[in-house]
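The questions below ask how particular labels were assigned. Each answer sets a value against its definition.

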Amino acid sequence: MATAMARNLADSGKIKKSSDSCHTSYASLGHSGSSMTQIFNDWWRNQQKELLKEDYGYSGVGVVTRNSGKVVYAVQLLCGYDFVDHLTVQRNLNRENAIRTDILSMENKIRASNNVEALVRNSALADLVQKRTIQVANTNRLGLKLIAEDVEKVCKGKFIQLGAGAGISTGDIFDELKSKNMQYIKSNTYPYTGVGVAIRNDAAIFVMQLLCSKNPDKSDNEDERPSASEEFRDDLFTAINEMRVDEGTHELKSSSLTKKYAQTWAKNLAMSGKIKKDPDYTRGCDRYNSKIYQYVTKTRQIAQILTDQNAKYYFLKKKVFYVGIGVELNDGEFYTVMTFCNYKPVVYG
């Protein structure tokens, strides 16, 4: 095409501009001179800003000569994507999955740095957004949105659509998504996601992402996945009992009563930033002259509790049978309260 345009420049003195084969940002530069060196120097002097635009990733140059090579006519075409006559979406599942993995990996690094749990892939969300992404790629309509009614049937909660982003590299697309949607990427409101990827024959990559507040695989009456604090609490309880078994003693039982009290106190500590025992930590355990112990700390890892000699003194005691654990996450720290007693906690009086 560039050669045909150069020939037209030589014959008519004009560039017959055509962008039929470029389906994104486009420019055409035409010039004549005694040599390509002269033409390039003129381009560089007069069109340097255009030549250095990041919008362009592909180029085609057409050259014809006249007067036995004494006059050179050149046309350079610049395009954001490769030059093709007819657009098609080329399915490549391995590459599509690699792009999805890269996008989610970069997003989850941002979430981790903000103490937010990693996004969870959901196939129902992915199937829905994949169809729309292909439509966007085929029509070149980046503003095309998902149909709200279709999303509501799958998500059944709050949802946000990110995109569509387009480019020739995953990094470029992610930078675009991040610049427009950072508040949603690092939000704990939307833990479930589906990513659609479409790759065209002109090397363009299109990405759309759907974020959902509820797990589409669960019915409305099923519990959502546990929070980071709940997972920390449950993992700590399991680890303590594993250590007790290794020490040859019985496993502890969880008390819903003292767990409720411990959780309330953990929230108070997280708000104040102070580490101190609950003044009323004996509640529920103070009968039959029961032995009552409370351990309070803030930490980033369970291992720090399991190796703390003060904590081990309490949770490995053979005469302790019940524990209530409260955990509250704040600014990357798990404020942890554990109340131990040797009789089943009850409310009485």
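Q: Which residues form a nonpolar patch on the surface, and with how much accessible area together?
A: The patch consists of M36, V61 and V63, which together have about 220 Å² of accessible area. Patches take residues with over 30% relative accessible area and no salt bridge, joining nonpolar side chains (Val, Leu, Ile, Met, Phe, Trp, Tyr) within 5 Å and like charges within 9 Å. Areas come from the Shrake-Rupley method with a 1.4 Å probe, and for residues only the protein chains shown count as cover. This is a predicted model, in which local features need pLDDT of at least 70 and side-chain atom pairs pLDDT 80 or more, while totals for chains, interfaces and linings use all residues. Residues are numbered from 1 along each chain as its sequence is written, and side-chain values use heavy atoms, without hydrogens and water.

Q: Why does M36 count as partly exposed?
A: Buried means under 20% relative accessible area, exposed means over 50%, and partly exposed is in between (1.4 Å probe, protein chains only). M36 has 33% relative accessibility, so M36 is partly exposed. M36 lies in helix α2, residues 36-51; helices (H or I, at least four residues) and strands (E, at least two) are DSSP runs, numbered from the N terminus.

Q: What makes strand β7 mostly covered?
A: Eight of the eight residues of β7 (residues 205-212) are buried. On one side these are I205, V207, Q209 and L211; on the other they are F206, M208, L210 and C212. In a regular strand the side chains alternate between the two faces of the sheet.

Q: How do you know that β5 and β6 each pair with β7?
A: Two strands pair if DSSP finds at least two bridges between them. Strand β5 (residues 159-167) is joined to β7 by eight bridges and runs antiparallel to it, with V207 as the bridge partner of G165. Eight bridges also join strand β6 (residues 192-199) to β7, again antiparallel, and there I205 is the partner of I199. β6 and β7 form a hairpin with five residues between them, and A203 in the turn has a positive phi of about 80°.

Q: What makes β8 and β9 edge strands?
A: The sheet concerned is open, has four strands in the order β8-β10-β11-β9 and shows mixed pairing. β8 (253-254) and β9 (292-299) each pair on one side only. β8 is joined to strand β10 (residues 322-330) by two bridges, and the two run parallel. K253 has Y322 as its bridge partner in β10.

Q: Why is the link between C155 and C212 called a disulfide?
A: A disulfide is a pair of cysteine sulfur atoms within 2.5 Å. The sulfur atoms of C155 and C212 are 1.9 Å apart, and the two form a disulfide. C155 lies in helix α5 (residues 148-155) and C212 in strand β7, so the pair ties together parts 57 residues apart in sequence. The link is right-handed, with 95° about the S-S bond. C155 has a relative accessible area of 1% and is therefore buried; C212, at 0%, also counts as buried.

Q: How do you know that C285 and C341 are joined by a disulfide?
A: Their S to S distance is 2.4 Å, and the pair counts as a disulfide. C285 is in the loop between α8 (256-272) and β9, and C341 is in strand β11 (residues 333-341), 56 residues apart. This link is left-handed, with -50° about the S-S bond. The structure holds two disulfides.

Q: What makes D278 and R283 a salt bridge?
A: A salt bridge is a side-chain nitrogen of Lys or Arg within 4 Å of a carboxyl oxygen of Asp or Glu. The N to O value for D278 and R283 is 2.9 Å, and their side chains meet in a salt bridge. D278 is buried because its relative accessibility is 6%, whereas R283, at 32%, is partly exposed.

Q: Which residue forms a salt bridge with D234?
A: R233 does, the closest N and O atoms being 3.1 Å apart. D234 is partly exposed at 36% relative accessibility, and R233 is buried at 17%. By this rule the count comes to eight salt bridges.
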